[in-house]
Amino acid sequence: MPALKFVYTLAFALLFISPAVLSAAESQPNILLIMADDVGSDAIGCYGGQSYPTPHIDKLAQGGLKFTQAYSMPVCHPSRVCLMTGRYPFRFGKAGSKWGDFPDAAEGICIGDRMQQAGYATAVAGKWQLCFMKNDLDHPSRVGFDKWCLFGWHEGGRYHDPLIYQNGKLLNNTEGKYGPDIYTDFLIDFMKESHKEGKPFFAYYPMALCHDVTDDLKGKHVAYAHDGHWLTFAEMMTSMDDMVGRLVAALDEMGVRDNTLILFTTDNGTPAASYLYVNEQGKMVRPKVVSVRNNTIVPGGKGKLDDTGTRVPLIANWPGHIKANQEVNTMVDLTDYLPTVADVAGLKDDGVPRDGVSFAEVLKGASGKDRRDWIFIEHRGKRCVRSLNWKLYDDGRFFELKQDPLEKSPLKTDALSGKAKRNYASLQDTLEKMQGPLKPTH
């Protein structure tokens with residue numbers, strides 16, 4: 001009788017649960033956002049890359065949606081500001097461009113904050129670079145992360161015998177361990193725990209891979225990987241893909257794969273070189289990094305404002321929600337991720353002005369052609385805007401990208417006519433407006 005009474009009580013209680021609450025719970029997918037470090041489109045197999053096997057990432061593309069027009073800033077720090085805030089760094093003045101720092105004005109309006117507002121458990125693991133962790137142990141919590149596991153940027157190693165801070169404390173058991181394993185295990189444990197507690201999770205993985213080791217530790221070097229060498233770029237690419245595979249396998253094992261949106265992207269193009277060893281003179285040697293893409297040799301372009309430095313992969317995978325084996329040329333940049341995940345989580349606009357535009361409708365199958373007409377890029381005082389086929393720099397160089405993708409021959413702007421003249425005027429107007437803080441929307 002007690003068991004039967006419990007059943008009746010439960011059934012009676014369920015009658016009073018709002019359908020809206022049930023639908024909200026069902027409509028909030030888990031989100032795993034992966035951002036690899038220093039990996040351009042040229043390095044990924046499904047984008048034509050031939051130098052490095054990336055089977056797990058390629059499988060995500062085969063089972064989901066591949067964007068061919070995704071962009072970043074040319075280097076890591078401004079890219080992270082874009083993703084975290086949904087704004088371009090210059091919107092915060094000097095504070096937005098200060099290397100290794102994060103604008104105080106962004107606290108409370110970041111991507112983690114938004115996901116917490118939607119009721120998500122939040123965690124970040126890997127590379128932070130938004131503060132010197134030893135001086136600000138709780139910084140991730142102030143920008144919306146419940147838990148974190150991050151290496152001490154420019155404090156020690158990120159790979160072998162790494163220096164890692166976890167939830168505000170320095171780990172003391174990392175000797176002989178491999179950093180990416182620690183970050184990945186941390187996120188897997190977080191996802192399992194959140195699922196067990198019945199909360200949707202937002203797991204952000206700004207990977208250490210495939211950035212080379214730090215070069216500014218006074219009087220010492222970080223631990224080698226093997227045989228007196230650090231990892232080659234090719235070895236890091238293999239490890240990066242393995243970590244992605246482990247995360248996907250964990251989601252499968254948990255039984256939440258169909259209710260988890262996976263987004264994979266990177267922070268900038270492939271590096272031109274990567275530290276490998278210390279020579280007899282005590283100097284760090286940095287061999288060049290060259291990839292082959294579609295049978296063409298592509299030198300690493302990190303730091304450049306052209307496609308080699310700023311065109312990055314973006315793959316969205318969500319079984320049962322995103323159709324398999326799709327490809328779109330919708331333009332996306334890193335400011336778009338915050339509004340997108342907030343949209344997917346069911347949040348309404350919070351009125352905070354941002355540069356980013358949600359591409360959630362594109363994930364659902366909309367064309368997205370009218371979503372965004374241009375992309376803004378800046379680095380070390382140089383600025384440019386581009387559309388799908390045209391690009392304008394603030395020094396006046398103007399390119400027709402379909403005819404000149406490598407940006408070798410700028411057009412003579414005093415002799416433009418027709419379509420070229422109209423696009424030049426439009427991009428010039430956009431570039432002139434890209435200054436100062438954003439104004440509130442309401």
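These legends describe close-up views of a predicted model.

**View 1. The largest nonpolar core, with 72 residues.** Phe67, Met84 and Trp128 touch the most other members of this core. Two domains supply residues to this core: domain 1 (30-373) and domain 2 (381-434). Each gives at least three.

**View 2. Another nonpolar core, of 58 residues.**

**View 3. Trp128 and the residues it touches.** Residues up to four places away in sequence are not counted here. Trp128 touches Arg80, Met84 and Met133, among others. His139, Pro140 and Val143 also touch Trp128. Phe145 and Leu150 complete the list. Among these partners, Met84 is itself named, with Trp128 and Phe67, as touching the most other members of the largest core.

**View 4. His77 in helix α4.** The helix covers residues 76-85. His77 has a relative accessible area of 1%, so it counts as buried; the cut-off for buried is under 20%. Neighbours within four places in sequence are left aside in what follows. His77 is in contact with Gly96, Lys98, Trp99, Gly100 and Asp101, among others. Gln129 and Leu130 are in contact with His77 as well.

**View 5. Ser141 in helix α6.** This helix covers residues 139-142. Ser141 is partly exposed because its relative accessibility is 34%, between the cut-offs of 20% and 50%.

**View 6. Ser141 and Lys433.** Along the chain, the two residues are 292 residues apart. Their C-alpha atoms are separated by 34 Å.

Note on methods
Residues numbered from 1 in each chain as written. Predicted model: local features only at pLDDT ≥ 70, side-chain atom pairs only at ≥ 80, totals over all residues. Heavy atoms only, no water. Core = buried A, V, L, I, M, F, W, Y, C linked by side-chain atoms within 4.5 Å. Buried < 20%, exposed > 50% of the residue type's maximum accessible area, 1.4 Å probe, protein only. Domains from an automatic or database assignment. Contact = heavy atoms within 4.5 Å. Helix = DSSP H or I, 4+ residues; strand = E, 2+ residues; numbered from the N terminus.
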